[in-house]
Amino acid sequence: MNKPLRRISLFCGLLVLALLIRTNWLQYVQAEELSTRKENRRVQIAQYGTERGNIIVQGGQPVTGSAVTAGSDYKFKRTYVDGPLWAPVTGYASQAFGSTQLESLEDGILTGNDDRLFFDRTIGMFTGEKKRGGNVITTLNPAAQKAAFDQLGTKKGAVAAIDPRTGAILALVSTPSYDPSTFAGNSKADEKAWVELKDSEDKKLVNRALRETYPPGSTFKVVTAAAALENGVVSDINAPTDTPEPYILPGTKTPMVNHAAGCEKASLNDALKVSCNSVFANLGDKVGRDKMVETAQKFGFNNDKIDTPVRAFASVYDKTMGRDGNAQSSIGQFNTAATPLQMAMVTAAIANDGKLMKPYMVDQLTAPGLDTIEKHEPSEMSKPLSAANAQKVQQMMVNVVEKGTGTKAQISGVKVGGKTGTAQHGEKNAKRPYAWFISYAELPDGSSPVAVAVVIEDSAADREDISGGGLAAPVAKAVMEAVLKNKG
Amino acid sequence: MSVVTNTTTIGAIEAPSRRNTELLLLAFAVVIPIFAYANVGLSIHGELPPGTLLYGLGFAVLAGIGHLVVRRYAKYADPLLLPIATLLNGLGVVLIWRLDQSERLQNLAKRSFGTFSESAPRQMMYTGLALALFAVVLLVLKDHRVLQRFTYISMAGALVLLILPVIPGLGADVFGAKIWISVGGFSIQPGEFAKIVIAIFFAGYLMVKRDALALASRRFMGLYLPRGRDLGPILMIWAMSLLVLVFENDLGTSLLFFGMFVIMLYVATERTSWIVIGLLMSVGGATVVGATASHVKARVTAWLDPFACYSTSGACEQVGQSIMSFGSGGVLGTGWGQGNSDLIGFAANSDFIFSTVGEELGLTGVMAFLLLYGLIIERGVRTALAARDPFGKLFAIGLSGAFALQIFVVAGGVMGLIPLTGMTMPFLASGGSSVLANWVLIAILIRISDTARRPAPAPAPSPDSEMTQVVRPS
C-alpha cells in the first residue's frame with residue numbers, strides 16, 4: 001500500500017503548497033491594493049487611531065485639537081478652535097466625510113504616518129511612547145485673520161493677505177463660513193450637519209479666497225498700468241494720455257462708460273485716482289493683447305499650479321480674445337477673473353518693488369516633539385515689473401488712498417496704497433456687482449509687511465452703495481492695522 | 001524478518017525513542033505562546049497581562065503531563081506531533097484572548113446577545129480537558145488494532161453523530177449551518193468527532209474488502225471499472241455526504257468525509273480508477289447542490305468576487321473582510337494585538353481565526369503556521385508508511401488526509417482560494433469539540449506511530465550461537 005501512500009502524501013503536500021502560494025499572492029503581491037481598498041476601514045481607523053497633530057498659527061497657538069470618542073471604531077475626533085474663522089485654512093478632517101485642504105494635504109504628517117517621521121516612530125517603539133502626529137505650522141496671523149473675519153461679519157466675501165517680502169499668507173478668510181467641528185465625527189448629528197452644509201445655498205464649504213474667481217473690476221487697472229509702464233506705452237505717469245471722451249471700443253461702436261468725470265486725456269496718475277475706464281481700456285489696447293497676457297501671467301494669471309500648498313484656482317486673462325475684448329479686459333471685465341489670492345499677489349508684487357514672491361501658508365512641518373522636519377524657504381516666483389516702474393505704480397496707489405476713491409483705507413501715520421474695484425457681472429450686468437479693494441501698507445523703511453485683497457459679493461446692500469471704496473476698503477484697513485500693530 | 005523491509009522509512013530496529021527531543025521541542029512549544037501572551041497584553045493594555053506566570057505554569061504542567069504520558073505509554077512515538085499540537089493550541093488560546101480584548105467584538109456581542117463573555121478561559125478549560133482525553137486515549141488504547149473490532153459499531157456511531165444536529169430540539173441552528181447540538185448549555189459539534197469515528201469504520205471496512213474492490217473489475221478504456229455491487233459503498237458515502245450538505249448546510253463536513261473516503265479507498269485498492277470515479281462524483285454532486293442550495297450558491301458567488309456584493313447585500317462581507325485582513329497584514333504583519341481583524345465580526349475567533357494570524361503576524365506568520373500544519377500531516381503520512389498492519393496504515397492515512405483536507409478547506413476558504421465552507425482551523429479556533437477531537441486525533445496518530453516504530457522483540461537466543469562463544473565467564 002506504500003505506493004498510493006506516497007502519492008497521497010504528494011497530494012497533501014500540494015494542498016499545503018497551494019495555500020502557501022495563495023498567502024504569498026494575497027500578502028505580498030496584492031497587499032498594497034487590498035490594504036488601500038475603499039472597503040477597507042483600516043485606512044480611516046489608522047487615520048483617526050492616534051492623536052492627530054495640530055495646525056498651528058503665528059504665535060504658536062494651535063487652531064485644531066483632538067478629542068477621544070468612546071465606543072467608536074475611530075478613537076480620536078478632530079476638534080477646532082474657532083472653526084468658522086480658520087476653516088478656509090485648515091479645511092476639515094471628518095471621520096465620515098473625508099478631509100480637505102491642509103488636513104488632507106498634510107495628512108501624513110498629522111497622522112504621523114509620513115515617511116519623514118519614520119525615525120520618530122521607531123524611537124517611540126523603543127521608548128514605549130504612543131504614536132502621535134506631527135504639527136503643521138502655518139504663516140497665518142491670528143490678529144489679521146480675526147480682523148478680516150469680524151469686518152466681513154455676515155457679508156458674503158473673502159480676504160487674502162500676504163506678506164509681500166516673503167509671500168507668506170497672513171490671512172485667508174471666507175464668509176459665510178462653517179465649523180468643521182460639527183461634522184468631524186461619524187454620528188447621526190454629524191451627518192445632519194454635513195448634509196445641511198453640503199446643500200447650503202451660501203456655498204459655505206467653498207473657500208472663496210482660493211477657490212472662487214471673480215471679475216476683478218477696476219482693481220485690475222494696476223496690472224494694466226504696470227503693463228503700460230513696462231512696455232513703454234507710458235513713461236511719465238503725470239503726462240496726459242490721448243484718450244478721447246467718449247472712448248469707443250476698438251472695432252465696435254460701443255462707447256466705454258466712465259463713472260468719473262474728467263477722464264478726457266487724463267494722465268495715468270489721475271485716471272487711476274478716479275478710476276477712469278476709458279483711459280485704461282485705451283492703454284490696454286495700445287499695449288496689445290499678447291503683451292497684456294504676458295504681464296498678467298507674470299503676476300500669476302492663467303497659472304493652475306499655484307500651490308500654497310492648497311491649490312488655488314487659476315485666475316484668467318483670456319489669451320485668444322479680440323481687440324475689443326482685450327480693451328474691456330484691461331479694466332477687469334469681459335473674461336477676466338481672479339481669485340482674492342491672485343489680487344493679493346498683484347498687490348504684493350507691486351509693494352515689493354516688482355518682485356513677486358511665491359505665496360505659501362505652511363512655514364514648517366514638525367515632528368511630534370516639535371523638531372523641524374521641513375521649513376519653507378521664501379522664493380521668487382517672477383518679476384512682473386521693474387523696481388522703478390513698481391515705485392511709480394506705488395505712487396499712484398498711494399494717491400488713490402490719499403485723494404481718490406480709496407480714502408476709507410487711510411491709516412494715520414502710515415503710508416497706504418490701494419485701488420478700489422466694482423465689478424459688474426451677470427447677464428447684462430444685472431446682478432449686484434462685487435466690491436473689491438486691494439491695498440498695501442508701507443513701513444518707514446520703504447518695505448511693506450502686508451498686502452491685502454478684499455472681495456465682497458454683498459446682496460444686502462443697496463446697489464448704489466456697493467463700491468470697493470465704501471464696503472471693502474474698511475475691511476482691508478482693519479487687516480493692515482492688525483498686522484502693523486503686531487509689528488510693534 | 002520482514003520487519004526491516006516493512007519499515008523502510010523509519011528504521012524500526014534499535015530506533016532511539018526520541019523522547020528527549022520531544023521534551024526539548026515541547027519546552028519551545030510552551031515558551032513561545034507565553035511570550036505571545038505577554039506581547040498581546042503589552043501591545044493592547046501596555047502592561048503584562050494578568051497571571052502571565054500562572055497561566056504559563058499551568059500550560060507547562062499540561063504539556064508536561066502530556067509528555068509524561070507519552071514517555072510512559074508510547075515510548076517510541078513520533079517526537080514532533082505532541083510539541084506541534086501544543087504550540088498550535090497555545091498560540092490559538094492567545095489569539096482567542098487577543099480577540100476577547102477587542103472592544104468592537106465586545107460591543108457587537110452586547111448589542112446582539114445583551115452580554116459578552118470571554119472565550120479564552122473556556123478554551124483554556126477545553127484544552128485541559130482535551131489533554132486529559134489525550135492521556136486517556138493513550139492509556140486505554142494500548143494497541144490501535146483493537147479498534148478494528150468496532151468497525152460496524154463505528155459506522156452506526158458516525159451516522160448517529162451526523163444525524164444528531166438535524167434532530168429537532170437537539171440541534172441548534174447557528175448562522176445558517178446546522179452542525180451544533182446543545183446539551184445542557186454546552187454546544188457540541190458532533191461532526192468533529194464523527195471525523196475520527198468514521199475513519200475507524202472506513203479503515204476496518206476497506207481492510208476487509210480491499211481485495212474484492214481491487215481485483216474484481218473489468219478494464220474499460222484503461223480504467224478498471226469496479227463491479228456494480230462494489231460500487232455500493234462509495235455510492236452510499238457519496239449520498240450521505242450530499243445529505244449532510246443539504247440538510248445541515250455543512251459544506252465542509254460533507255467534503256471532508258467524501259475526500260477522506262476516496263483517499264482511503266485509493267490507498268486500500270491501489271486503483272487510480274477510484275480517484276477518477278470519486279472526483280467525477282464530487283464534481284457532479286457539487287454542481288447539483290451548488291445550483292440548488294442557496295446557502296452554497298451564496299458562498300460561491302462571494303468567492304468569485306469577494307467585493308461585488310459588499311456594499312449592497314453584505315453577503316460577501318466576511319470573505320471580503322478576511323481577504324483585506326490578509327492584505328493589510330502584508331509581509332511582516334501589524335504585530336500581535338495591533339491589527340483590525342475583528343472587523344470580520346462574530347466568526348473572527350472561530351472560522352476566521354486564521355485571518356487574525358494573517359493580519360497580525362503577516363505572510364511570515366501564516367507561512368510558519370501552514371508549515372506547522374504541514375509537518376503534522378507529514379508526520380501522519382510517515383506514520384502510515386511506517387505502520388506494519390493495513391488497518392493502521394489506512395487509519396493513519398485517513399486521519400492525516402482528513403486533517404490535510406480540513407486545513408486546505410478552512411485556510412483556502414478564509415484566504416479566498418476556494419468557496420468558504422465554515423469549518424474550524426484545528427487547534428486554533430475557539431470551540432471545545434474541535435480542540436477535543438483534534439487532540440484525540442493526535443493521540444491516535446501517536447499510538448500508531450509508537451506501534452510502528454517500536455523495535456521488534458529480540459529474537460530468542462539460538463543454541464547454535466551459544467556454542468560458538470569462545471570466551472566464557474569463569
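A pocket here is an open set of points on a 1 Å grid over the protein atoms alone, with protein on both sides within 12 Å along at least five of seven lines, and lining residues have an atom within 4 Å of a point. The lining has 36 residues, and L255(B), F258(B), L279(B), S282(B) and V283(B) are the closest to the pocket centre.

Please keep in mind that this is a predicted model, in which local features need pLDDT of at least 70, side-chain atom pairs count only at pLDDT 80 or more, and totals for chains, interfaces and linings use all residues. Residues are numbered from 1 along each chain as its sequence is written, chains are lettered from A and ligands numbered from 1 in the order in which they are written, and side-chain values use heavy atoms, with hydrogens and water left out.

Both chains take part in the lining: α1 (2–29) of chain A gives two or more residues, and so do α9 (228–248), α10 (251–269), α11 (272–292), α12 (294–304) and α15 (390–414) of chain B. These helices are DSSP runs (H or I, at least four residues), numbered from the N terminus. α11(B) gives the most, with 10 residues. By class, the lining has 27 nonpolar, eight polar and one charged residues; Ala, Val, Leu, Ile, Met, Phe, Trp, Tyr, Cys and Pro count as nonpolar, Asp, Glu, Lys and Arg as charged, and the others, Gly among them, as polar.

Let us turn to how the two chains meet. In contact (heavy atoms within 4.5 Å) are 31 residues of chain A and 51 residues of chain B. The area buried between them is about 3,700 Å², with 71% from carbon and sulfur atoms; buried area is the accessible area (1.4 Å probe) that two parts lose on being put together, summed over both. M1(A), Q27(A) and R42(A) supply 22% of the area that chain A buries against chain B, more than any other three residues.

R42(A) also forms a salt bridge with E359(B), the closest N and O atoms being 2.8 Å apart. The term means a side-chain nitrogen of Lys or Arg within 4 Å of a carboxyl oxygen of Asp or Glu. On the side of chain A that touches chain B, α1(A) gives the most, with 20 residues.

Key:
On a 1 Å grid over the protein atoms alone, a cavity is a set of points where a 1.4 Å probe fits but cannot get out, and a pocket is an open set with protein on both sides within 12 Å along at least five of seven lines; lining residues have an atom within 4 Å of a point.
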